[in-house]
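Please go through this model with me one question at a time.

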Amino acid sequence: MENSKSRRDFIKKSTAAGIAIPLLASNLLACNSNVSSKKLKILILGGTSFLGPHQIAYALKRGHSVSIFTRGKTKSTVHKELFNQVEHLIGDRNDNLKALEQGAWDLVIDNSGRQVKWTKDTANLLKDRAKLYLYTSSTGVYYPYLGDHITENTTTLTEAPETFGHNYEKLEYDYGVMKTNSENETIKAFGKERSVIVRPTYMFGPGDKTNRFIHWPIRLAKGGEILVPGKKEDPVQYIDVRDVAEFMIRLAEQKHTGIYNAVGPKEKQTMVEFVNEAKETFPKTATITNIDDYTFLEENGINYLVPWIPSVGKNYGSARISNTKSRATGLTFRNLKTSIKDMYDWWYSDALTNEQRAEYEKNPKTLLNTEQDILKAWNTLKM
């Protein structure tokens, strides 16, 4: 049930409150300690897909107790051994919330709020029995990304326009509007003083079922000539799912409320810089061929390649979202090479079957299998 679908998954189907006050020493200690001084009762709506298992692992490590509310159908591919340590509440956010009618929690994390009504119903049902409600939103709320410095104070849309320039824009707008209105239902039920809104950018890491990022660990491990799309100045943003999960738990421990962009990397980075750093994860020699012609890329089926999005039009600011407030409130970042290697190891572990890997790696439409022909065409064009 958990919301692991991003705005880009919608597209694939169709073709500051200001700067936060710096952390006090006590908060820094809480951030770095493996155990929280205050034990929390946590309810996760969802919990078995991508983000949830990492939240569970970190919460249990820090001494908290965890309940999850799911349909009882999705099985995690990470931290499977921890699920016998959590309380399982079975139901359906569409029409069966009976399992949530009793009980009280310090924190509710809404990972599976994929419909505004779902968030409205659960927030109102739990508002008198939970202290904090954390809604897992998305930087997709900022679409269209028209600015070059998007902060938590940037206005978000509550309804989509009636007409669109491209078919995929409707999906972008619908997703962002759904997330914005779900955020608003959280705040209506719990008030600003008890609401936490976290807006992650593209998350990647062990357990990612979207396959939107796995190209890079697989491809970089092979070495050789690597196609890198985009202009040299095109920025990218991404974040390890575990950094988001841990940030969320610490926000609750420290009783922080408000809105936070969970966006990495720590410092600004271009697509070329991203690949140059990431390729050092593996011992194979690799060289980069940067294709900076958007028209050529589109003609060859590369409309985007997460974390790269063409930095034009309504996507200009997609990777220009400020993380200043979140960094000041304790958001931390793993080393990119650690993240890439961990994702690679997960992909080739027994967490997945050979059939699951083959479904992606042997798909003739993936860049893994079209790259050499595209590179040949590009190199011929540039001769």
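**Charges, contacts and backbone**

Reader: What is the relative accessible area of Asp 342?

Author: Asp 342 counts as partly exposed; on this scale buried means under 20% relative accessible area, exposed over 50%, and partly exposed in between, using a 1.4 Å probe and protein chains only. The value for Asp 342 is 26%.

Reader: What kind of model is this?

Author: Residues are numbered from 1 along each chain as its sequence is written, and side-chain values use heavy atoms, with hydrogens and water left out. Local features need pLDDT of at least 70, side-chain atom pairs count only at pLDDT 80 or more, totals for chains, interfaces and linings use all residues, and the model itself is predicted.

Reader: Which residue forms a salt bridge with Asp 342?

Author: A salt bridge here is a side-chain nitrogen of Lys or Arg within 4 Å of a carboxyl oxygen of Asp or Glu, and for this pair the closest N and O atoms are 2.9 Å apart. The pair links distant parts of the chain, with Asp 342 in helix α11 (residues 336–347) and its partner in helix α7, 100 residues apart; helices (H or I, at least four residues) and strands (E, at least two) are DSSP runs numbered from the N terminus. The partner is buried, with a relative accessible area of 13%, and is Arg 242.

Reader: How many residues apart in sequence are the parts tied together by Glu 253 and Arg 62?

Author: The side chains of Glu 253 and Arg 62 meet in a salt bridge with an N to O distance of 2.7 Å. Glu 253 lies in helix α7 (residues 241–253), whereas Arg 62 lies in the loop between α3 (51–61) and β2 (65–70), so the pair ties together parts of the chain with a sequence separation of 191 residues.

Reader: Which residues are linked with Lys 38 in a network of salt bridges?

Author: One link is the salt bridge between Lys 38 and Asp 106, where the closest N and O atoms are 4.0 Å apart. Asp 106 belongs to strand β4 (residues 105–110) and Lys 38 to the loop between α2 (25–32) and β1 (41–45), so this pair ties together parts 68 residues apart in sequence. Asp 106 is buried at 13% relative accessible area, while Lys 38 is partly exposed at 36%. The network links Lys 38 with Asp 106 and Lys 131.

Reader: How many salt bridges are found in a search of the whole structure?

Author: The protein chain carries 53 positive and 45 negative side chains, with the centres of the two sets 4 Å apart. In that count Lys and Arg are positive and Asp and Glu negative, while His and the chain ends are not counted, and each charge is placed at NZ of Lys, CZ of Arg, CG of Asp or CD of Glu. The number of salt bridges that the search finds is 17.

Reader: Which side chains make a polar contact with the side chain of Arg 93?

Author: Arg 93 sits in the loop between β3 (87–90) and β4 and counts as buried at 1% relative accessibility. A polar contact is a pair of N or O atoms within 3.5 Å; within protein, one must be able to donate a hydrogen and the other to accept it, and residues adjacent in sequence count only if both atoms are side-chain atoms. The side chain of Arg 93 makes such contacts at 2.5 Å with Asp 110, and at 2.8 Å with Thr 122.

Reader: What is the C-alpha to C-alpha distance between Gln 55 and Val 244?

Author: Gln 55 is found in helix α3, and it is buried, with a relative accessible area of 0%. Gln 55 and Val 244 are 189 residues apart in sequence, yet their separation in space is 8.5 Å.

Reader: What is the phi of His 79?

Author: His 79 is found in the loop between β2 and β3 and counts as partly exposed at 28% relative accessibility. Most residues other than glycine have a negative phi. Although His 79 is not a glycine, its phi is positive, at about 55 degrees.
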